[in-house]
Amino acid sequence: MLKTQEVKGFELTFFTKSGEARYVQISASTVHNKKGKDLGFAYVVHDITLQKQMAAKLVAAERFVSIGQLAGMVSHDLRNPLSSMSAATYYLKNHYGGQMDETGKEMLQAIEKSIDYSNRIIKDLLDYSREIKLELEATIPHSLLAASLGLIKVPANIQLVDNCSHNPEVNLDVGKISRVFVNLITNSFDAMPDGGTLTITNQSTADSLEIDFKDTGTGISPESMSKLWTPLFTTKIKGMGLG
């Protein structure tokens, strides 16, 4: 101000006592008396928090459009090979199932689960750009985690501690929550390349259920934490940013 005598549209970020960010735009000019002597400065502070939030929503909307285009491409490219794999496993199961030992049958079942899981990912990609409808069903924390762990191979250097209980019974979309759990668990494994422990527990109150995933890995950087809900953001070389 002393140098330029005025400021236009200077942006600052303030934080309320509760920690909420407020964005403001400041304009100011020097106030003179009749003799031209500087008396001080006049400031106008304009709260632009709403405009910032609307701009962020617009950026998010543009990302959703990109995700919709990506979903169409991925679904087209992956559904055909998945259909072929599904037909092949069906043939093997019906023609050679009686000749397989238990390990062979388990491997075939694992392939079928993975095909089904991949098809659900494709469906979720397509649903991502549309309103998501939840298919609620009754389940318990222990069964929910068991369904997710059935889709994952735990590395030999990772100790997984399952402390989930058999209660309470809750109504939720098992398929979608399982996808969330699978992503959380595999990300925990990735954060412990040299081994470690992943502990999964649950606790409940009168009206809510909380399931905690705690690993002994490297953690998430503050920069990445601020972008957790940003579509297509990833820190992995081969990641899609949809986990």
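A salt bridge is taken here as a side-chain nitrogen of Lys or Arg within 4 Å of a carboxyl oxygen of Asp or Glu, and the views below come from a predicted model.

**View 1. The salt bridge of Arg22 with Glu20 in the predicted model.** The side chains of Arg22 and Glu20 meet with an N to O distance of 3.3 Å. Arg22 is partly exposed, at a relative accessible area of 28%, and Glu20 likewise counts as partly exposed, at 40%. Through shared partners, salt bridges join Glu20, Arg22 and Asp47 into one network.

**View 2. The salt bridge between Lys93 and Glu112.** The closest N and O atoms of this pair are 3.8 Å apart. Because Lys93 lies in helix α1 (residues 49-96) and Glu112 in helix α2 (residues 102-128), the pair ties together parts that are 19 residues apart in sequence. Lys93 is partly exposed, with 47% relative accessibility, and Glu112 is partly exposed too, with a relative accessible area of 27%.

**View 3. The salt bridge between Asp173 and Lys176.** Here the closest N and O atoms lie 3.4 Å apart, and both Asp173 and Lys176 are buried. The count for the model comes to six salt bridges.

**View 4. The packing of helix α3 against helix α4.** Helix α3 (residues 141-149) and helix α4 (residues 174-190) pack at an angle of about 65°, their axes being 9 Å apart, and α3 passes α4 in a right-handed crossing. From α3, the contact is made by Leu144, Leu145, Ala147, Ser148 and Leu149, and from α4 by Val174, Ile177, Ser178, Phe181, Val182 and Ile185. By class, this contact has nine nonpolar and two polar residues, with no charged residues.

Technical notes. Residues numbered from 1 in each chain as written. Predicted model: local features only at pLDDT ≥ 70, side-chain atom pairs only at ≥ 80, totals over all residues. Heavy atoms only, no water. Axes fitted to C-alpha atoms, helices over the stretch in contact; angles between N-to-C directions. Helix = DSSP H or I, 4+ residues; strand = E, 2+ residues; numbered from the N terminus. Left-handed = near helix turned anticlockwise from the far one by under 90°. Contact = heavy atoms within 4.5 Å. Nonpolar A, V, L, I, M, F, W, Y, C, P; charged D, E, K, R; others polar. Buried < 20%, exposed > 50% of the residue type's maximum accessible area, 1.4 Å probe, protein only.
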